[in-house]
Amino acid sequence: QNPDSLNADPPDVRVGYFDTHPLSFRNSNGDPDGLIIDLLNEVAATGNMKIQWVYDEFPNHINNIKSGRIDVLVSVAYSEERARYMDYSALNFTNVWGQVFLPANSDIESLFDLNNKSIALLENGINGQNFLQQCELFEVNCQAVYANSYHKIFTMVDNGEVDAAVSNNMVGAEFQDQYDLLASSIVFNPFKVYITKPLGADPVFLNLYDQRMRLWKDDPESFYYQTRMKWTHQNQHDTIPYWILYTILGLFVFALIAIIAAVLFKRQVNRRVNELSQREIQLNQIINIVPHMIYANDYQGRFILANDFACDFFGIENKQVEKENIYAILKSSPNFQNLIAYTTSSNPFNTEIEARNSRGEQISLMMSKVPYSGRNDKEPAVVTVGVDISQTKQYEEEIEYLANHDALTGLPNRLLLSDRLKSSLARAEQFKHVGAILYIDLDNFKNINDSQGHKVGDKLIKKVAIMLKKSATPGDTIARLGGDEFVIEIPELDQDINKAEQQALLVAEKLSTQLKKPIIIEDKQYNITASIGVVVYPRDGNRQSLLIQRADTAMYEAKFNGRNRIQVFEKGLEAKVKKQHQLENDLRLALQNKEIVMVYQPIVAADSLKMVGTEILLRWHHPVRGTIMPTDFIPIAESAQLILEIGYWTIEKACQQILTWRETTDQPFFVAINLSVIQFRDREFLGRITDLVNKYNIPRNYLEFEVTESILLNESVRSMEVINQLKMLGIKLSIDDFGTGYSSFDYIRKLPLDKIKIDKSFIEDIPSDNNSVTIVKTILNMAHEMNLQVVAEGVENKEQMEFLREHQCQFFQGYLFSKPKEVNKIPKKFRF
Ligand SMILES: Nc1nc2c(ncn2[C@@H]2O[C@@H]3COP(=O)(O)O[C@H]4[C@@H](O)[C@H](n5cnc6c(=O)[nH]c(N)nc65)O[C@@H]4COP(=O)(O)O[C@H]3[C@H]2O)c(=O)[nH]1
């Protein structure tokens, strides 16, 4: 120490104290008093220092020391947080521990009883912090209520505002009697009590204190022990003898370990319980997500479990399921009928059933039933799983439908027809039934498809399908084989084969008439016809493939004979059709092999009998079969789609011939060419004709096209368009075979035609046959009225010629003048 300081005024040291009885407190005179007060007064006296005591609440002193308003603070427990702003004395002056104090009547016995209780704590107090850490460790959830003095804390306990209070044991013991408190067995965290100064402040007082304490603690008779005795009635070296302290600590550690073990165990149990309940929730979620029926019931029918699907199916509440009985439910509604036999059977099995749910909706279920021995084999039950296969069944049905039906019309396809035929034929054999098959092919459908596009073609096929359905009777199978081919199977006709054939023909005629009705598609009218082949079984065969093939052969024959016909199968047809097929193949090579040639038949003027023109007629010089006439090969060319090639070749040759004749003679000399309906329908027809007449630069009126009445009538809209265009090009037009078709004078009147050719079938019978005479006269009169020229075809003798001349027929064509000949063989006398 500085010797000068002994004589100088003792320096002031401001020491903060607060009520923490018996360590420090303000006595009834308002003066500082208590264990540490006495000790520090003594320390100050030995250091010749004068203490200036500053009284405040503990939390305020924390601020006081931080702000330097006091130099020393008494009774402070150590904490790392406090050490950031305070220096501690080296020696403590006492030890204390945390303790919970309760109202006298409290039944709280352990830390766990404090769960959900309110606890009064000193604001910023170290005991409060330690207590809360303990609570957190043991998952005790209590509500902390803070106050800034011990006095207030215990007052709250006394008033019943809180369930308990926490303080150090020493303070609590002091207040215990005053507030009638119960010192609980809940103790924790023993700690030492020091004096402190602001961090970095002058250490002189703290050093003086440590110096004195060191001396005092070594001497049991010292001022320190006397003072402790005075305030705490303990005369040992410390507040508690070390062995007691260690015992308490040991017990505390043991209790702590035991509690931690218990808590860990409790936590583990809680975690496991939690996991199990999560798992149960998960399992419930899973079986409820499954879109199939799952339920289990005991042998009395009581439900053990049922998922959402099952509950919805039976119309029961999931929460109520354990109160329900499956047997009672199954009996409660006719919807569950199909399940009864299944459920009451004791055997495990898998089966597919159709059932209705509580709302009456049909469901296909794949049911599986398995016995379940239950928990510990004591609760035997049955687990039922019903997999909802409704969707799969629906797909299967759709696939089966698609496999058996035509996608465009929805009619049975070849596969289903074949199935039905098989069973019809089997029944026919067993019961001696007679049936028929009609093979229907639309005439010239390909041309409509090509000229109008597939969309129109498809619509037409659909309409035809509807027409066929309307004309058929129930029990008939109407199938579409593809393209424009349909088959109708009529299974049960008269047992007399001839009568059965008549019945089949009647149906065919009905169909044919029905099909002839105009069909309107996209505001356009289409007139179609069909070629129908008929077979009757078992007469024409007893195998379905043979019967279809024979019906097809008959249809082909109908087509070959000019279409729009019904043909019953006959024995010789197969060979004939085979021959036609062979011809079709040969015809494909005929043009390039130059086997097709043109012959010319002169047309003469009635007055001069001089040739005014010719008609081109084709001949096919077949290398094996010899010369084939156009009536035999033109239908083949049409069905084999060769007619366009042949047709344009003929027109080009005609143009060349017109040019040759023009160069060799000044006489007007026309060439007439027959047109097939297929040429007429060809989209390129007008363009190609225009190109040809331009290419050869022929006088347009030297070219004449012959079309039949049927072409004009059947193709009314298109024909009007083509005829007008041809007229605009300057080409002549005549109607061939007039009188054999419908002969609609009204219609013909509207067309810009030039000539009518009377068919040779009328000419051959004049003048002897009255009917033919009348027809020829009528045609001639009508033609004169309409200002049309008339050509008589097939004039073979002078009587015919004279009759025709008499009735003002302007032109003749026939063997009387010349047979059709190659160009260089035409008789000279008719040339000019
Ligand atoms: N009995 C007899 N017959 C006579 C007489 N005068 C002419 N004929 C025959 O009558 C037919 C007249 O031709 P069409 O009515 O246009 O009838 C033609 C025509 O519709 C068709 N045809 C011929 N060539 C062609 C062609 O290049 N294209 C098309 N699309 N059809 C053709 O073939 C049909 C038959 O032709 P063809 O057999 O050459 O038969 C020809 C001709 O040889 C006669 O006095 N007596």
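**Close-up views of a predicted model**

View 1. Strand E18 (residues 477-482) and strand E19 (residues 485-493) run antiparallel and are joined by five bridges; strands are DSSP runs of E with at least two residues, helices are runs of H or I with at least four, and both are numbered from the N terminus. Strands count as paired if DSSP finds at least two bridges between them. Two residues lie between E18 and E19 in this hairpin, and Gly483 in the turn has a positive phi of about 50°. Look also for Ala479, which stands opposite Val487 in E19.

A word on the model: it is predicted, with local features needing pLDDT of at least 70 and side-chain atom pairs pLDDT 80 or more, while totals for chains, interfaces and linings use all residues. Residue numbers start from 1 along each chain as its sequence is written.

**View 2. Helix H21 against helix H23.** H21 (residues 643-664) and H23 (residues 685-696) pack at an angle of about 25°, their axes 10 Å apart; axes are lines fitted to C-alpha atoms over the stretch in contact, and angles run from 0 to 180 degrees between N-to-C directions. The two helices are therefore roughly parallel (angles under 35 degrees). From H21, Tyr648, Ile651, Glu652, Cys655, Gln656 and Leu659 meet Arg688, Ile689, Leu692, Val693 and Tyr696 of H23, contact meaning C-beta atoms, placed from the backbone, within 7 Å.

**View 3. The shell around the ligand.** Among the 23 residues around the ligand, Leu617, Pro630, Asn674, Gly814 and Tyr815 come nearest; a residue belongs here if its C-beta atom, placed from the backbone, lies within 6 Å. Strand E25 (611-622), helix H20 (630-639) and strand E29 (732-738) each supply at least two shell residues.

Methods
Parallel < 35°, antiparallel > 145°, perpendicular 65-115°, else oblique. Contact = placed C-beta atoms within 7 Å.
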